[in-house]
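This briefing concerns the structure shown below.

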Amino acid sequence: MVLRATAKLLIAVLAAALLVAGFLCHRGSSRGGFAVSSPREAAAAPPIAAGQAPPRSMVAAGRAALPTALASALTREEKARLAVEGEAARIARREARLDQLPWGASRPPPAVDGDHAVSKSEARLPAAEKVRQTESMIERLRERIARAEQPPFQRTALVFDGSSRAGERLLARMRRRVAELEQTLAREGAGGTSESQ
Amino acid sequence: MGRERSGVRAVGCALRTAGLLASLWALSGCASAALEPGEEQEKVVVVAPEEQGLVTFDALTATRLEGRYEYRGETVRFESEAHEGVYYVTLAVRGMVLSATLDASGAFDLDGYKDADGTDTAMTAVDRALIHALESALTELYRARAAELPALDVFSRTLGLWSDYPDTVALRRMFYARLERKGSGSSLCEKLNKPGQGAAFVPRYTWASHDCFKLKGVFTTDCGPLSGGCAYGNDSSTLDSVFMSMHPGGSCSDGRFFGTNAANLRCYEPDHDSNVEFAYGDCFGRCGLGCGGSTQFTQACLDHDACVSSGHWTANPLSACDDEFAEAAVDYLVLSNCGGALQIDYNWSGSSYEGACPTSFRDANDGCDAACQFVDGDCFR
């Protein structure tokens, strides 16, 4: 009889302990556990090792908290409606960022030392291959110039504002480019490895 | 306020519907049939999503496209032509003309100059923003029709290149084609997370790094003086777990999410933080600024994205990421697309849920959630 009473007492204590533990888990624990109250706090929370359950995040202050149970009950339509409301904010933020840029500034001069960046793969390119590709590019540019000069394709060079000046400038730049690459070819053919502008 | 809000939503809904209809007309292909002599090319109009301007094509065929883009009071004129495996692209933007000549070998020659007098100039942040907006505007058209319109394919890729072009790299430059496919130029298509990865979605992570002059201390080998700053592979200049995908960006300046693990990602830019190893968002690793139509993902492009997202920026006067850009440049125009476009059902960027989604959104089989502090597996099943 004593044993039975003891057993009943132990079961009662165990049941009470389980009830208390369940209550505490439902409320959530402190910052060291899994509940945070805002995205900022979520970001500041100590890192969780890979594999552990992520923190239960709640909506930022200023908006009614959305319990996880309710969030999981959202229909797809309700989620879609909520997500669409973010689009206006996205557009506004994008435009605000663009507004900060100097749209009215005049065109800047060219980059100083603009050829400093050489890729590793280009540096590994054999000189003969570099010569071959440069020769091919010179040929492509000459073909492009020839196409732009022929009557049916003249509008290729005049498309921007319909004036011949724009077309003439583009052709002049391409001819200059051919000359520069020919100089590069002469250097590479003589053992040089870098292109000078 | 409620009526105003519903009125604004109605207008927005109408605009989106109009944009969808215009885009559908553009995508229908009826304006791109082969022209008979004397037949006029019909105009094709594309309304960019999220109020990012209007693209008007005066010509849109497999071998030629021509038109203009209007956004924020600016007009960008463009032209792209394919001729026997060679491509010519010309862009007039904010008083500057950009020209590209692409050889079939993968080498290409670029030029850029002031339209007013033909003298040299440099790329600016405003130019990049406008060019990127144009590339974004063409995303849906590109995905629908780039395979049949080579001129459009190369045009969009060239926009991606120019949208990422540093201020400190000369606009007049020849880029040489790679001989090898190993090393930093390698395609990372197999590491790209795409829809269709199965019910038991397992994220694919990739490693990215860069070198620079950042010094984190005197008595350290991690971005220390012996290596002249951060070396490629140093802890502070390396992200061990980049989740590559076509996720759109978040609301922060560079649009990317970073964290110390896969569940505390938030939109911000860490500065060589050795504790931050996880990253995703804004098409991290794609060759091009942020997201766009094309989907080349390579180690070189990933390294460049990691560089400009980790305490440097494209306009950094110290030009810390210029060598990464030079390495990646050829990948923008040459490599095949990986695919991997996502169907985003709920984009929380800009909302109060950004970086703070209820965890019940994750893997809920209710559609793809984007801009959360975790990656929703629903996007990739």
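W348(B) is buried, at a relative accessible area of 0% (buried means under 20%, exposed over 50%, partly exposed in between, with a 1.4 Å probe and protein chains only). The model is predicted: local features need pLDDT of at least 70 and side-chain atom pairs pLDDT 80 or more, while totals for chains, interfaces and linings use all residues. Residues are numbered from 1 along each chain as its sequence is written, and side-chain values use heavy atoms, without hydrogens and water.

**Aromatic pairs**
- W348(B) and Y353(B) form an edge-to-face pair, 4.9 Å centre to centre with 70° between the planes; ring centres of Phe, Tyr and Trp (its six-membered ring) must lie within 6.5 Å, and planes under 30 degrees apart count as stacked, over 60 as edge-to-face and the rest as tilted.
- Y353(B) is likewise buried, with a relative accessible area of 2%.
- Over all chains, the count is 20 aromatic pairs.
- One aromatic cluster consists of F108(B), Y165(B), F175(B), F325(B) and Y332(B).

**Interface of chain B and chain A**
- Contact (heavy atoms within 4.5 Å) joins 98 residues of chain B to 85 residues of chain A.
- The side of chain B that touches chain A comprises 35 nonpolar, 29 polar and 34 charged residues (Ala, Val, Leu, Ile, Met, Phe, Trp, Tyr, Cys and Pro are nonpolar, Asp, Glu, Lys and Arg charged, and the others, Gly among them, polar).
- Between the chains there are 15 salt bridges, each a side-chain nitrogen of Lys or Arg within 4 Å of a carboxyl oxygen of Asp or Glu.
- D127(B) and R107(A) form a salt bridge at 2.6 Å, N to O.

Technical notes:
Chains are lettered from A and ligands numbered from 1 in the order in which they are written.
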